Amino acid sequence: MTEQLRLMAVHAHPDDESSKGAATMAKYVSEGVDVLVVTCTGGERGSILNPKLQGDAYIEENIHEVRKKEMDEAREILGVEQEWLGFVDSGLPEGDPLPPLPEGCFALEDVDVAAGRLVKSIRTFRPQVITTYDENGGYPHPDHIMTHKISMVAFDGAADAEKFPESRFGPVWQPQKLYYNQGFNRPRTVALHEALLERDLESPYGEWLEHWKEFMRAERTLTTFIPCSDFFEIRDKALIAHATQIDPDGGWFRVPMDIQKKVWPTEEYELAKSLVDSSIPEDDLFAGIRDNA
């Protein structure tokens, strides 16, 4: 290789990087790849999901700073670089009808203006590969959907000096591949669910599967399977670092590690954009790039 490989993972909130593709990132870090997590918002409106921390007045009053510290710890565990785009969490609207989004939040930003911040990050870091969310956001959180929108604009816009002038956003750069995170997919869920039942163990996925079509999006095309089971423990440790968001005794961790590694030792992606040739299915996000780097 004549050029350093670089991977950028674009996420909506602190903790998303640890629940979506964390083992993949840790694997590439171990191989000497530069990995940058770009976090679009500070997670200011995220609920405290860990029952052990609910009702803590300090956390409730200082959630932004608490989540920043959690992100710092997770970043150290994964061995990645991380930067904030500086947008404000939109929150997850609930109710029927849904309430309006709060003024000034990420999801209400002008897409091209918001994408400009990501363009600047891309031109500075110069990644060959970017990961982000599909058009449904992985699940329909407004910040996840907005993350998808600005990622798609920025992938092409980073190379467009007219739309995003070099005088403001730095020298142009064209990433070569863009992937959607698809770790929460039905084949994986079914495989782990059945493996648990075969061993007479309780599965946390029964209700998920019963209501899959109701609560989850349509099946996606999985193109890329990254073998990364050696890094599942690092993934879990990084996830637990987001203590306000993750209950260490919750469903995330109910599948024994040996079963996870044996039954489903990969993390999955959907190749959405590519300017290089590679054979599908892939086992490397840099397939088609390494030989030409």
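I started with the second largest cavity, which is lined by R188, L192, F232, R235, Q260, W264 and T266. A cavity here is a set of points on a 1 Å grid over the protein atoms alone where a 1.4 Å probe fits but cannot get out, and lining residues have an atom within 4 Å of a point. I note that this is a predicted model, where local features need pLDDT of at least 70, side-chain atom pairs count only at pLDDT 80 or more, and totals for chains, interfaces and linings use all residues. Residues are numbered from 1 along each chain as its sequence is written, and side-chain values use heavy atoms, with hydrogens and water left out.

**Entry 1, second largest cavity.** I read its volume as about 30 Å³, a volume being the space filled by probe spheres set on grid points joined across faces, edges and corners. α8 (186–198) and α11 (232–241) each give at least two residues to this lining; helices (H or I, at least four residues) and strands (E, at least two) are DSSP runs numbered from the N terminus. I sorted the lining by class and got 3 nonpolar, 2 polar and 2 charged residues. Ala, Val, Leu, Ile, Met, Phe, Trp, Tyr, Cys and Pro count as nonpolar, Asp, Glu, Lys and Arg as charged, and the others, Gly among them, as polar.

**Entry 2, largest cavity.** How many cavities of 30 Å³ or more does the structure hold? I found 2, and the largest has about 50 Å³ of space. Its lining includes L7, A9 and H11, along with K20, G21, T24 and M25. T131, N181, Y269 and L285 also belong to that lining. β1 (6–11) and α2 (22–30) each supply at least two of the residues, and β1 has the largest share, with 3. By class I have 5 nonpolar, 5 polar and 1 charged residues here.

The assignment, automatic or from a database, gives domain 1 (6–185 + 220–286) and domain 2 (186–219). Their C-alpha centres are 24 Å apart. I looked up contacts (heavy atoms within 4.5 Å) and found 20 residues of domain 1 touching 16 residues of domain 2. The two domains bury about 1500 Å² between them, 64% of it on carbon and sulfur atoms; this is the accessible area (1.4 Å probe) lost on putting the parts together, summed over both. Salt bridges (a side-chain nitrogen of Lys or Arg within 4 Å of a carboxyl oxygen of Asp or Glu) between the domains number 0.

I spotted a cis peptide bond between I280 and P281, with omega about 0 degrees. P281 sits in the segment after β7 (266–274). D15, a residue other than glycine, has a positive phi near 105 degrees; I place D15 in the loop between β1 and α1 (16–19).

Note on methods. 1 Å grid on protein atoms, 1.4 Å probe; cavity = no way out; pocket = protein on both sides within 12 Å on 5 of 7 lines; lining within 4 Å.
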